Amino acid sequence: MPELPEVETVARQLAPHLRGRALTGVRVLWERTLGGSTRQAFGRAVRGLRIERVGRRGKHVVLETSRRGRDAGALVVHLRMTGRLVHGAPPGARGPHTRIVLALDDGTALRFDDPRKFGRMTYAPDPAAFFAHLGVEPLSDAFTGAWLVEALHARRRALKPLLLDQSVIAGLGNIYVDEALHRASLHPERTSRSVPRAKALRLHRAIRSLLRRAIEREGTSFDAAYRTPEGEPGTYQDHLRVYGREGRPCRACGRSIRRIVVGQRGTHVCTRCQPAPRRRRARTGARTTIRRARVDDAASVAAIHVRAWQHAYRGYVPQDHLDGLDAEAWTVDRRRWIREPRTPQHRVWVLERAGTVLGFAATGPSRDADGAEATGEVEAIYLDPELVGTGLGRRLFAYSLMALRRLGFREAVVWVLEGNERARRFYASAGCTLDPAVRTIRLGGADLQEVRYRRPLA
Ligand SMILES: [Zn+2]
């Protein structure tokens, strides 16, 4: 997926062609690329806009526009996995994967091609509000060494998930986080608060210089997905030190690069240059705890939610839908879920070990009318799929029931996908009984039946 240097390259290459051009026509060939808007509404909003500036915010290309000389919001493009912006072809020309064509007043066109259809083009009337959830730009003046020291020390999170969190720093992804951590000799699982000031400053310098060099080289074309608008691959892949180099010698010390999983993401490290953090309870095994979720947990919760859904709904929901789930987009929603619960009794709990979130559960009053206040609901209980069957789910469920009991509920209900044998066995063995109630939920265009289990909380 294109990260900051790739998106910056796209914006820079397009800018001279688009600046000052007016949008004379709009053709939407795949409506879902609009991310919720309709063809008609999008067409009405953008036809006649003039492109004033072409820039970038985080991993988004931003076309700032005006109408009759006044600011008129922005067209925001998120390329996601395979999206490409192509300028030049006359408005009629399009390829097999063209999703949107914007005709310009000089007879050329800007085309959005996207084979896998995960990319989005959105009209944002108020860009500041649209980007309110994004953190600091790592190449801006606001991103100073002191800022990063403060950001790391204010949190107790593993470094890699923290650096990937777009609400903290916008624009970094898997490639550049792995590379920056290697250059700063920091292990991705190290807790942010434990990073000494000097190392944090080194990480700050590494992030800035890495991004600048990658932009100079027009980004990283690690696979076929990313090409510049001119159709060329970037060349930064030749300078990668760890990313994608599993089993090959570290360019600094010669030891084999290893691939590990950190916060659900494949991660590349040199264990000599980036020593693993010492764990205080290494001998007895780190303690697993369950606690209230904090806003900081949103990215981990979203990542687990996406992976758990991809695991649990495989075969029930079109695969295209499951592949398209985007943890980054979900993070915004999960943050709201944690910060502004639907009712004061709703809670999100996370299961944590050594600073890593392994799973989460949500509890609250049941949404169906018949249970009245007596019924609490365990709305969700999700673990990293690799941990299913380890007993952690049972602990999380037991804790959820205890939480509901403390809130004064006398009975708990839980909805389970009909036909999910593993879930059925799990809840049956946890003292739940099947109830006649059935409901239908709609997910990715498929109708799914859920059955209800009840559990007294006496
Ligand atoms: Zn090394």
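Keep in mind that the model is predicted. The chain splits into three pieces: domain 1 (4-130), domain 2 (145-269) and domain 3 (288-456). Between domain 1 and domain 3, the C-alpha centres are 37 Å apart.

**The seven-stranded sheet**

- An open sheet is built from 7 strands, running in the order E11-E12-E13-E14-E15-E17-E16 with mixed pairing.
- At the edges you'll find strand E11 (288-292) and strand E16 (433-443); each has a single partner strand, so one side of each has no neighbour in the sheet.
- On average, neighbouring strands of this sheet are turned by 30° against each other, ignoring direction.
- E13 pairs with strand E14 (residues 375-383) in the antiparallel sense, over 7 bridges.

**A closer look at Ala361**

- Ala361 sits in strand E13.
- Is Ala361 buried or exposed? Ala361 has 25 other C-beta atoms within 10 Å, and the cut-off for buried is 20 or more, so Ala361 counts as buried.
- Setting aside neighbours within four places in sequence, the contacts of Ala361 are Trp349, Val378, Ala380, Ile381, Leu396 and Ser400.
- Leu383 is 22 residues away from Ala361 in sequence, yet the C-alpha to C-alpha distance is 8.7 Å.

- The largest nonpolar core has 108 residues, and the members that touch the most others are Tyr176 and Phe360.
- H8 gives this core its largest share, 7 residues.
- Not counting residues up to four places away in sequence, Tyr176 touches Glu3, Leu4, Leu210, Leu211 and Ala214.
- Helix H6 (residues 174-183) has 9 of its 10 residues buried, so the rest of the structure largely encloses it.

**Positive phi angles to check on screen**

- Just after H6, Ser185 has a positive phi of about 55°.
- Arg68 isn't a glycine, but its phi is positive too, near 50°. Look for Arg68 in the loop between strand E3 (60-67) and strand E4 (70-78).
- Arg68 has 7 other C-beta atoms within 10 Å; exposed means 12 or fewer, so Arg68 is exposed.
- Ala354, again not a glycine, has a positive phi of about 45°. Ala354 is placed in the loop between strand E12 (347-353) and strand E13 (356-365).
- With 17 C-beta neighbours inside 10 Å, Ala354 comes out as partly exposed.

Definitions and conventions: Residues are numbered from 1 along each chain as its sequence is written. This is a predicted model: local features need pLDDT of at least 70, side-chain atom pairs count only at pLDDT 80 or more; totals for chains, interfaces and linings use all residues. Helices (H or I, at least four residues) and strands (E, at least two) are DSSP runs, numbered from the N terminus. Domain bounds come from an automatic or database domain assignment. Two strands pair if DSSP finds at least two bridges between them. Axes are lines fitted to C-alpha atoms, for helices over the stretch in contact, and angles run from 0 to 180 degrees between N-to-C directions. Two residues are in contact if their C-beta atoms, placed from the backbone, lie within 7 Å. A nonpolar core is a set of buried Ala, Val, Leu, Ile, Met, Phe, Trp, Tyr and Cys residues joined through C-beta atoms within 7 Å.
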